Structure formats: C-alpha cells, structure tokens
Amino acid sequence: MNTAPRHLLDVDEWPAEAIEAVLDNASRTRDAGERHGNELLGCRVVLLFTEPSTRTRISFEMAARSLSAETYLVDPASSSMVKGETLVDTVRNLDALGADMVVLRHHRAGAAWVAARYFGGAVVNAGDGWHAHPTQALLDLLTLRRAFGGGADALRGRKITIVGDLLHSRVARSNVWTLSRAGAEVWVSGPAAWLRGYSELGVTATPDVDAALDGASAVMGLRVQKERMRGSSLSIDEYIDRYQITDERLARAASGAFYLHPGPINEGVEVSRSVARGPHSLVLEQVANGLAVRMAVLALLAPSAPRGLRGPRVDFSHVAR
C-alpha cells in the first residue's frame, strides 16, 4: 500500500490492504511478544474519552507508550468541557497545542468524523455513541483468525452469531461489516425490538436464539445495558431465561465453538460464568489482541514528521531584543 489512511473512523472506510497490514502486524507482535518500538517517537497522542472505559483506554495508552509516544489524557470532568466548551473547540485547541493524534471515545454518534474535520493530525475512533467501534472489530477479527488457525480465509463460510443488545451496540455494527467482508455467515439474535435495521445489513436477524446458535463456529455476546431496559416490555429475568448463553445453549453451536465478548461482561445476565470463564472463552485473548491491534493502528497512522520533533512552529528570531 503506497499511502496509509489518515484516520481510523470506521472499518468500512478503510481499504482491505490497510486492514490486512494491521492484522498482520498485530499477529506478529503477539507471536513475538514484542511491545516496544519507535514508530511514534516524538509523537504527542491525546486520549480524549468522554465515556468510562477500561480496556479500550488503557490499551490505547499502553500501545502509544510502547511505540515511544508521549501520551496525554483529557479528563472531561476536569476540562473546559464542563464549562461548555464544544468538541470542535477542544479539538481545535489540541491541534494548536501540537498534538499529532487524538484517540476519541464519545457518547455522540459521528463525533470522530466531526473531530477529523477540525484536527490537522490523525483521529482514531475509540467508539462513538451506538454507531461504531472499529478497533474492537479489528481485534475480534484477529482473535477469530488466530483461533481458527488461518489467515484471510479463516472465517470464510463459518457461521458467526452475535447475541445481546444489538440495538445499542456500536461493537456489533462494526463487527457485522468486518465479519461479512471476511466471508463469514453472520447471524444476530436478541429480542425483536433490538434487531431493527440488521436485516438491511445483509445478515440473518432472528429472535430465535436456538436457530441462531445452531452450528455456529463462534458466539459473540454483547452487554445487556440494564439502564436502557427501563420501560422495556422485557424484564432482565425474561432476558436471562430466553437469551443467556449457558453451557447448554452453547452446546447447540458447532463442536468446540468459541465464545467472545467485548466487555464489560455482566456474568449471570448475558452469559453464565461457566461460559465466560470456560475453556472455549476467548475473552482474555481479545483483551491481549486489543493491545497488539491498537499498536498496529497507531503505527500505521504515525505521521512522517511528528510535531514533537519539528521544533518551534513559529520563528521569533527576527524579534528585536
């Protein structure tokens, strides 16, 4: 690939060669156990997270530091955002301060695209509203490829089922795209009200979880967002009874089927503890792959001339002393 993408806003905007470059780089990193490089030496990476996060924020910070970047965390609660500063103003100020990259997690869908319009460096979408979570989709794809022991064709023809709160999930939307492009047969399942819009994405959407699990090579769980179930006709107890992934339900899938979950997990709600921590769970493998994938993404987007190594932006040598 001659020219790397400037941003990572969502996976559907990236060319196939960029995705393959990230996955290949991340897989080599996992195999070698190497976590140090100089790809971001002199780069200033700002982590701007307006929503709580553990895995994504920490792994991005570790990834940037592992590549020798300087990292800066913006805490919205102690920033000018609490005084009414807009996202656009914040991004413009970060640009003026000389940041090279902004890793953005935001509660509003489309926030990363807005930031990219006003920031001179690279913007990485770390999750926007209910819309997209591209690095999660990339790490899930890498996790499945490695689990099935293959490369680009490892998922072709395999049935992959996603179960849970699909309506409010940014993870599912990005995963549907990457899995479908990898040749997988994607099914989604949950209460009918949570399946709106998925049939239009070219996947099989059904409230019949048993049919969705039948013969699946892997099952992805999604967090049931209890706060969004207030006023719902379906109670938590009813969800558990009808959709929780238990050992008995997982047995409907193909022999040796894997279980994945982007976290945070509500054990005892969307999945039983025995499945979440069982021998077929890839949950912690996802976390480990997340660091490698985010290192690869940041390395691919690394500026050729980091501002931190360029010296002053303005020459004051002409000023009389």
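Which helices each supply at least two residues of the lining of the second largest pocket? In this predicted model, the helices that do so are α2, α5 (134–147) and α11 (283–300).

## The second largest pocket

The second largest pocket has a volume of about 240 Å³, and 20 residues line it, with R55, Q286, V287, A288 and R294 lying nearest its centre. Among the helices named above, α11 gives the most to this lining, contributing 8 residues. Sorted by class, the lining of the second largest pocket holds 11 nonpolar, 6 polar and 3 charged residues.

## The largest pocket

The largest pocket has a volume of about 570 Å³, and its lining is made up of 24 residues, of which R105, R170, R223, G263 and P264 are nearest the centre. Helices α2 (55–66) and α6 (170–181) each supply at least two residues of that lining, and α2 also supplies at least two residues to the lining of the second largest pocket. The lining of the largest pocket divides into 6 nonpolar, 10 polar and 8 charged residues.

In soluble globular proteins, nonpolar side chains tend to be buried together. The largest nonpolar core in this model has 60 residues, and those with the most contacts inside it are V103, L144, L155, I162, L179 and L298. Helix α11 provides the largest share of this core, 8 residues. Apart from it lies another core, of 21 residues, which includes L213, A257, Y259 and A276.

I162, one of the residues with the most contacts inside the largest core, touches N175, V176, L179, V186, W187, V188, S189, M220 and L222, when residues up to four places away in sequence are not counted. Among these partners, L179 is likewise listed with the most contacts inside that core, while M220 belongs to strand β8 (residues 218–221).

## Strand β8 and its neighbours

Strand β8 is covered on both faces, with A218 and M220 buried on one side and V219 and G221 buried on the other. Strand β5 (residues 159–163) pairs with β8 in the parallel sense over 4 bridges, and within this pairing I160 has A218 as its bridge partner in β8.

Strand β8 is also joined to strand β9 (residues 258–260) by 3 bridges, and these two strands run parallel. In this pairing M220 stands opposite L260 of β9.

Technical notes:
Residues numbered from 1 in each chain as written. Predicted model: local features only at pLDDT ≥ 70, side-chain atom pairs only at ≥ 80, totals over all residues. Heavy atoms only, no water. 1 Å grid on protein atoms, 1.4 Å probe; cavity = no way out; pocket = protein on both sides within 12 Å on 5 of 7 lines; lining within 4 Å. Points joined across faces, edges and corners; volume = space filled by probe spheres on them. Nonpolar A, V, L, I, M, F, W, Y, C, P; charged D, E, K, R; others polar. Core = buried A, V, L, I, M, F, W, Y, C linked by side-chain atoms within 4.5 Å. Buried < 20%, exposed > 50% of the residue type's maximum accessible area, 1.4 Å probe, protein only. Contact = heavy atoms within 4.5 Å. Pairing = 2+ DSSP bridges.
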